[in-house]
Amino acid sequence: MLIFHVHSQQAQNLQQAFEQLQCSGGQQKLDQGKIIISMILQYYLQFENGEHVDWIDRITREMNNPENLAEGVSALQRIANLSHSQLCRVFRQTIDQTPQQFIKELRLNYAYAMICNTNESFEKIAAMVGIGMSAA
């Protein structure tokens, strides 16, 4: 599976294209599917050719360590070797997310993988990745 980040405008464009696909039929549906595949390929090539790919890949790999996920933004700052304000600016420019959004997405993805692949309790998994849980 390939995962890469798209900017919010690109995500909106894809969402609209998928909505059009759902309303299409026959040849129109095939044509719309080709448009979506073309859009995804274009966004991926833009992403792959960007200079931030190696940097964000390295950070993502290091942040997928449960200790770093639990530590959160301070671990991200340490790994990226940036101040909080620099980190926010760079993340906005490169992946159109705040560092907090980035960490939340990583935490949820890691927790999902743990839930699917282990017998650990939800509470233990949440604690491992720094997701606070309270009693309802």
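The model is a predicted one, in which local features need pLDDT of at least 70 and side-chain atom pairs count only at pLDDT 80 or more, while totals for chains, interfaces and linings use all residues. Residues are numbered from 1 along each chain as its sequence is written, and side-chain values use heavy atoms, with hydrogens and water left out.

The protein chain holds 8 helices and 0 strands, where helices (H or I, at least four residues) and strands (E, at least two) are DSSP runs numbered from the N terminus. Along the sequence, that gives the pattern α-α-α-α-α-α-α-α. Of its 136 residues, 31% count as buried; buried means under 20% relative accessible area, exposed over 50%, and partly exposed in between, with a 1.4 Å probe and protein chains only. Contact means heavy atoms within 4.5 Å, and of the contacts with a separation of 6 or more, 48% link residues 24 or more positions apart.

Helix H5 runs over residues 73-80, and its buried residues are Val73, Ala75, Leu76, Ile79 and Ala80. Viewed down the axis of H5, they fall within an arc of 155°, so they line one face of the helix; the arc is that of the directions from the helix axis to the C-beta atoms. After H5 comes Asn81, with a positive phi near 60°.

Helix H6 (residues 84-95) has 12 residues and spans 16 Å from first C-alpha to last, close to the 16 Å expected at 1.5 Å a residue, that is, 1.5 Å times one less than its number of residues. Buried in H6 are Leu87, Val90, Phe91, Thr94 and Ile95. These cover an arc of only 100° around the axis, which puts them on the same side of H6. Ser85 and Gln93 are exposed on the face turned away from that buried side. H6 is followed by Asp96, whose phi is positive too, near 55°.

H6 also packs against helix H7 (residues 99-117), at an angle of about 70° and with the axes 9 Å apart. Axes are lines fitted to C-alpha atoms, for helices over the stretch in contact, and angles run from 0 to 180 degrees between N-to-C directions. The two helices, H6 and H7, are therefore roughly perpendicular to each other, a term for angles of 65 to 115 degrees. On the H6 side, the contact is made by His84, Leu87, Cys88, Phe91, Arg92 and Ile95; H7 brings in Pro99, Gln100, Gln101 and Phe102.

Notes: Angles under 35 degrees count as roughly parallel, over 145 as roughly antiparallel, 65 to 115 as roughly perpendicular and the rest as oblique.
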